Amino acid sequence: MRSKAICLLGEKSAGKTTMLQGLRSGAVSDNPLPTLVYDNQIDSTNHRVYTELSGDPKSLSLIAQHLKNDLFLVCVDLSKPFDVSAVDVYLEQLLTIDVQIVFIGCKQDIAHIGAIDELRAYLKKLDLNPDSCLVLTSKNTIEQWRAPLEEKLNYILNPSIGANISQFFGTQTSSATSPPSNQTISL
Ligand SMILES: Nc1nc2c(ncn2[C@@H]2O[C@H](COP(=O)(O)OP(=O)(O)OP(=O)(O)O)[C@@H](O)[C@H]2O)c(=O)[nH]1
Ligand SMILES: [Mg+2]
């Protein structure tokens, strides 16, 4: 089976490494080292390769090497006021292709007032449904989001298992009469 390639993006200290630790093992380290440039992790059990690109602007150019990845996880730091430019900088590159994206709102436990609402409003402006394409995570509540996120990733990465992936993604305007589509997000 071909491994699925997943790319994690997000500004520096957004919480990418911590979220991935929680997703993969259910446990996080207290003080993860900042990721330098990039980090590859092979998950042979689930046939996945995760590549975290550092939030350092120097790593932005590496996105081009990942445009054929199966999925992007765009991590947003909720502990600060929502910064449109911190997400736009990634979407500008992803906009050039049809890609599948899950947005991860990290650090829900210390979310800045209004940050979640602002992120949700931003996604709606992109005609995306935050109820389906956004997952909120926190290093203190791993058991609450780990299984649902894992299930979502499985549905997206392995549509042949028969799941209705449109339940996760469908845009704001999609209706029950829309034809089924394998394209979960076309930005
Ligand atoms: N309170 C809280 N702190 C978190 C959470 N996730 C990460 N942090 C902290 O935020 C800091 C940065 O976390 P990382 O996971 O290293 O962030 P990153 O996005 O991988 O950072 P870079 O690799 O440097 O781009 C660390 O001190 C973490 O302990 C969270 O859910 N809640
Ligand atoms: Mg990191």
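**Exercise 1. The shell around the ligand**

Which helix gives the largest share of the shell around ligand 1?

Before starting, note that this is a predicted model, in which local features need pLDDT of at least 70 and side-chain atom pairs count only at pLDDT 80 or more, while totals for chains, interfaces and linings use all residues. Residues are numbered from 1 along each chain as its sequence is written, and chains are lettered from A and ligands numbered from 1 in the order in which they are written.

*Solution.* 
- Step 1: Find the shell. Around ligand 1 there are 20 residues, and T17, T18, P34, T35 and G55 come nearest; a residue is near a molecule if its C-beta atom, placed from the backbone, lies within 6 Å of it.
- Step 2: Look for the helix. The largest share, three residues, comes from α1 (residues 16-25). Helices here are DSSP runs (H or I, at least four residues) and strands are E runs of at least two, numbered from the N terminus.
- Step 3: Sort by class. The shell has five nonpolar, 10 polar and five charged residues. Ala, Val, Leu, Ile, Met, Phe, Trp, Tyr, Cys and Pro count as nonpolar, Asp, Glu, Lys and Arg as charged, and the others, Gly among them, as polar.

**Exercise 2. A residue of α1**

Is M19 buried or exposed? Work out its contacts too.

*Solution.* 
- Step 1: Count neighbours. M19 has 28 other C-beta atoms within 10 Å, so M19 is buried. The cut-offs are 20 or more such atoms for buried, 12 or fewer for exposed, and partly exposed in between, with C-beta atoms placed from the backbone.
- Step 2: List contacts. Leaving aside neighbours within four places in sequence, M19 touches C75, I104, C106 and T137; contact means C-beta atoms, placed from the backbone, within 7 Å.
- Step 3: Check one partner. M19 and C106 are 87 residues apart along the chain, with their C-alpha atoms separated by 7.3 Å.

**Exercise 3. The sheet**

In what order do the six strands of the open sheet lie?

*Solution.* 
- Step 1: Read across. The order is β2-β3-β1-β4-β5-β6, with mixed pairing; two strands pair if DSSP finds at least two bridges between them.
- Step 2: Find the edges. β2 (38-43) and β6 each pair on one side only.
- Step 3: Follow the twist. From one strand to the next, the twist averages 20°. Angles run from 0 to 180 degrees between N-to-C directions, and axes are lines fitted to C-alpha atoms, for helices over the stretch in contact.

Notes: Two residues are in contact if their C-beta atoms, placed from the backbone, lie within 7 Å.
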